[in-house]
Amino acid sequence: MLRILGNIVIPLVEIEIQAIRSQGSGGQNVNKVATAIHLRFDIQAASLPERYKERLLQLKDSRITSEGVIIIKAQRFSSQIKNREDALNRLREMIKSVTVPIKLRMPTKPTRASQVKRLESKSLQSQRKSLRSKIGEE
């Protein structure tokens, strides 16, 4: 079981984990040992609440395919166990990010004092500019 929050849990059966060979340079075992982890998580088939599924599908994240599958490749560590934990933690953090409720913006109005201050500065600027004009024009 992958625990996201207190009551939100994902069974490991819903997460497809596959060991693959890591990219990049390596040591003696580079062509023999599959240490990287390829994690696939189908959002549509998950046992998550519907509101979290919808928010996950709306995320603009390159790890989410057009079919609604999260693909995470973990190859940070040279150990398969650590990479598996890393991939699960990254999945947990992605799902946890959509559980935070969206904060609605409350539009504010400028205070009366700031409006008066703005108008005074505008009139002061206007006076300065009018004093710059030539005397004979008026």
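**Figure 1. Leu91 and its contacts in the predicted model.** Set aside the neighbours within four places in sequence, and Leu91 is in contact with Leu2, Ile15, Leu39, Phe41, Ile70 and Ile72. Contact here means heavy atoms within 4.5 Å. This is a predicted model, where local features need pLDDT of at least 70, side-chain atom pairs count only at pLDDT 80 or more, and totals for chains, interfaces and linings use all residues. Residues are numbered from 1 along each chain as its sequence is written, and side-chain values use heavy atoms, with hydrogens and water left out.

**Figure 2. The largest nonpolar core.** This core has 23 residues, and Phe41, Ile70 and Leu91 are the ones with the most contacts inside it. Two or more residues come from each of β4 (36-42), α1, β5 and α2. Helix α2 gives the largest share, six residues. A nonpolar core is a set of buried Ala, Val, Leu, Ile, Met, Phe, Trp, Tyr and Cys residues joined through side-chain atoms within 4.5 Å. Buried means under 20% relative accessible area, exposed means over 50%, and partly exposed is in between (1.4 Å probe, protein chains only). Helices (H or I, at least four residues) and strands (E, at least two) are DSSP runs, numbered from the N terminus.

Figure 3. Tyr52, Lys53 and Leu56 are the buried residues of α1 (residues 50-58). They sit on the same side of the helix because they cover an arc of only 100° around the axis. That arc is taken from the directions from the helix axis to the C-beta atoms. An α-helix has 3.6 residues a turn, so residues three or four places apart point the same way. Glu50, Arg51 and Gln58 are exposed, on the face turned away from the buried side of α1. The cover over the buried residues of α1 includes β5 (69-74) and α2.

**Figure 4. Thr99 in helix α2.** Thr99 belongs to α2 (residues 80-99) and is buried, at a relative accessible area of 14%. Its side chain reaches the backbone oxygen of Lys96 at 2.6 Å. Leaving out neighbours within four places in sequence, Thr99 is in contact with Leu5, Ile8 and Tyr52. Tyr52 is also one of the buried residues of α1.

**Figure 5. Asp86, also in helix α2.** Here's another residue of α2: Asp86. Asp86 is buried, with a relative accessible area of 9%. Not counting residues up to four places away in sequence, Asp86 touches Ala74, Arg76 and Phe77.

**Figure 6. Ile17 in strand β3.** Ile17 sits in β3 (residues 15-20) and counts as partly exposed, at 29% relative accessibility. Apart from neighbours within four places in sequence, Ile17 is in contact with Ile37, His38, Leu39, Arg84 and Leu88. Glu54 is 37 residues away along the chain, and the C-alpha atoms of Ile17 and Glu54 are separated by 23 Å.

**Figure 7. The chain around these close-ups.** The protein chain has three helices and five strands, running β-β-β-β-α-β-α-α from the N terminus. Its radius of gyration, taken over C-alpha atoms, is 29 Å, whereas a compact globule of 138 residues would have one near 14 Å. The globule rule is 2.2 Å times the number of residues to the power 0.38. Along its principal axes, the C-alpha trace spans about 90 × 40 × 25 Å. Of the 138 residues, 22% count as buried.

Note on methods. Polar contact = N/O pair within 3.5 Å; in protein donor to acceptor, adjacent residues only side chain to side chain.
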